[in-house]
Amino acid sequence: NKKLDKGKKYIFLTKYLSSFYKISSKNKNIKILKNDKFFANRKFVHENYLFSKRKLTIYREELRIILNRYHNLNKSNKYWGLNLDMILFSLIRDLKYKFDIIKNSKIYKTDFKFEIGESTVFHESSQDLTHDLTLSNKENFLFYNIIRVLKNKNKEKLEKKKTFFKKKSNRFTLINLFKQIILRTYIIIFKPIILVKPYTGFKNCLKIFFKSFGRIITINNFKFNQNFNEIDFDFRNSFKIKERDLFDKIFNTVIGELFPKNYIENFSSIKSNKLFLSIIKNSKKICCGNHFFDDDICILASELKENNKKFIIFQHGGLFGTRVDSILEDFDKLYGDKLYYWTTKFGLGDNYLSRFPIRKKKKYHNITLMCSRIGLTIGFRSQLLTEKDNPFLSKTYEIYKYLKPSLREIFYVKLFPKDRMKVLQKEEWLNFTGNKVKFINDKKDLFSSKLVILD
């Protein structure tokens, strides 16, 4: 909260990253503002989560009314929630972190020039947006708009002179169109259950197809929209929620430019796609292992549910059932008709592993968990190891309690982190399992495993 120096540029880094930056940078005009307080502190992480959930509930209802009016529809709160919850929550959470950093540093009270690159591309999808939010130009865009609101400066209207989207090649469009014609014909004739991104592997996809006599098919992804729709500037400039507080005002300054085209300009094109319509009419279920931020899947699933058909969800990612604040689990429980998790009864855990017979005399007989998640959180772990319920600590070891005794005999763990981090992780596994879990050190043992689970 100290008064910031004039004439300096400011960057926001974690304590872990800033230590590297100080070593590599000789620029004395750079002022590092550490944001660990907001990213690596359980209290602030939890408060941010609760704040984002509250705002999500409000924004979802308001956007439902706005989008229904724009598309001339009368869809429910759950319909739009399935489509918008993940991207809205991510945007709200990211804005709140940056808002807290700016307010805490009081940088907005200083007189300085904030450099921001001109935004020239609107995002086709939620996936594009979530990726771009991690890039420096979008980070600057968010910081810039937060500071502008705090300084009570007005936002400029979006201008038509910019180039807002990139066209895909005609070759790509024709190939995709040809695939859709074949797939549509198959769906109309056989009316199959559709697995989208199940992550079962190519061989298992073939097995599922033949054992179901073609009644279950696997599709890697959909791309229903083939049109390159122009930006509706008039709508986007008026696209706002009711401003109840300062954060709502900040949200309104960015939502018009960041909101994915798939829910505004491309929405009608997606819903009128012939493959899309044939799935709605002929398929009773869609099952998916990675639906988050995939607009095509979410729009399809919401339409299927409107027609009393099923949206079945497979677990995607780790830590399910072990974290207090998980928007992924909240989303699945709210919108999935049936969930298959590692930790649920009749899910993917012991009920799935039990199907692998114990063959100690065969070449392939072990089940190995490749546990590497700790490598992604190495910057926080040594400092926050003892903090209760820390969001960055993996609890992968809890899978052990869902295994039958016979499976525990052939269950091994392969640890990837080095030095002290590996020691800490090994201690966790041993403490949780009562020193019963076995570890793999030799690569030969890893390659002799019948099943390898990646964490």
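The structure is a predicted model, so local features need pLDDT of at least 70 and side-chain atom pairs count only at pLDDT 80 or more, while totals for chains, interfaces and linings use all residues. Residues are numbered from 1 along each chain as its sequence is written, and side-chain values use heavy atoms, with hydrogens and water left out.

**The big picture**

Let's start with the chain as a whole. It has 19 helices and 11 strands; these are DSSP runs, with helices being H or I of at least four residues and strands being E of at least two, numbered from the N terminus. Of its 455 residues, 49% count as buried. Buried means under 20% relative accessible area, exposed means over 50%, and partly exposed is in between, using a 1.4 Å probe and protein chains only.

The accessible surface of the chain comes to about 25,000 Å², and 53% of that belongs to carbon and sulfur atoms. Such areas come from the Shrake-Rupley method with a 1.4 Å probe, and for residues only the protein chains shown count as cover.

Among contacts between residues at least 6 apart in sequence, 75% join residues at least 24 apart.

**Charged pairs**

Side chains of opposite charge can pair when their charged atoms come close. A salt bridge is counted when a side-chain nitrogen of Lys or Arg is within 4 Å of a carboxyl oxygen of Asp or Glu. A search of the whole structure turns up 15 salt bridges. Here are some of them:

| Salt bridge | Closest N and O atoms |
|---|---|
| D248 and K55 | 2.9 Å |
| D94 and K98 | 3.1 Å |
| E124 and K261 | 3.2 Å |

Take the pair D248 and K55, which form a salt bridge. D248 lies in helix α10 (residues 246-258) and K55 in helix α3, so this pair ties together parts that are 193 residues apart in sequence. D248 is buried, with a relative accessible area of 0%, and K55 is buried too, at 7%.

D94 and K98 are another story: they sit four residues apart in helix α4 (residues 77-105), so about one helical turn separates them. Both D94 and K98 are buried.

E124 and K261, also joined by a salt bridge, link distant parts of the chain, 137 residues apart. E124 is in the loop between α4 and α5 (126-132), and K261 is in the loop between α10 and α11 (267-271). Both E124 and K261 are buried.

**A positive patch**

Which residues gather in a patch of positive charge on the surface? They are K284, K285, K310 and K338. Patches are made of residues with over 30% relative accessible area and no salt bridge, and like charges are joined within 9 Å. Lys and Arg count as positive and Asp and Glu as negative, while His and the chain ends are not counted. The place of a charge is taken as NZ of Lys, CZ of Arg, CG of Asp or CD of Glu. K285 is found in strand β5 (residues 285-288) and is partly exposed, with a relative accessible area of 33%.

**A few residues to look at**

R64 lies in helix α3 (residues 42-71). Is R64 buried or exposed? At 18% relative accessibility, R64 counts as buried. Not counting residues up to four places away in sequence, R64 touches K75, S76, N77 and W80.

Now jump to K438. Its C-alpha atom is 9.0 Å from that of R408, 30 residues apart along the chain, and 7.1 Å from that of F411, 27 residues apart in sequence. R408 is in helix α17 (residues 405-408) and is partly exposed at 28% relative accessibility. Leaving aside neighbours within four places in sequence, R408 is in contact with Y400, K401, L403 and K438. F411 lies in strand β9 (residues 411-415) and is buried, at 1%.

Most residues other than glycine have a negative phi. K197 has a positive phi of about 50 degrees although it is not a glycine. K197 is found in the loop between β3 (193-196) and α8 (202-211) and is buried, with a relative accessible area of 13%. N308 has a positive phi as well, about 60 degrees, and is not a glycine. N308 is in the loop between α13 (295-306) and β6 (310-314), and at 72% relative accessibility N308 counts as exposed.

Definitions and conventions
Contact means heavy atoms within 4.5 Å. Patches are made of residues with over 30% relative accessible area and no salt bridge: like charges are joined within 9 Å, nonpolar side chains (Val, Leu, Ile, Met, Phe, Trp, Tyr) within 5 Å.
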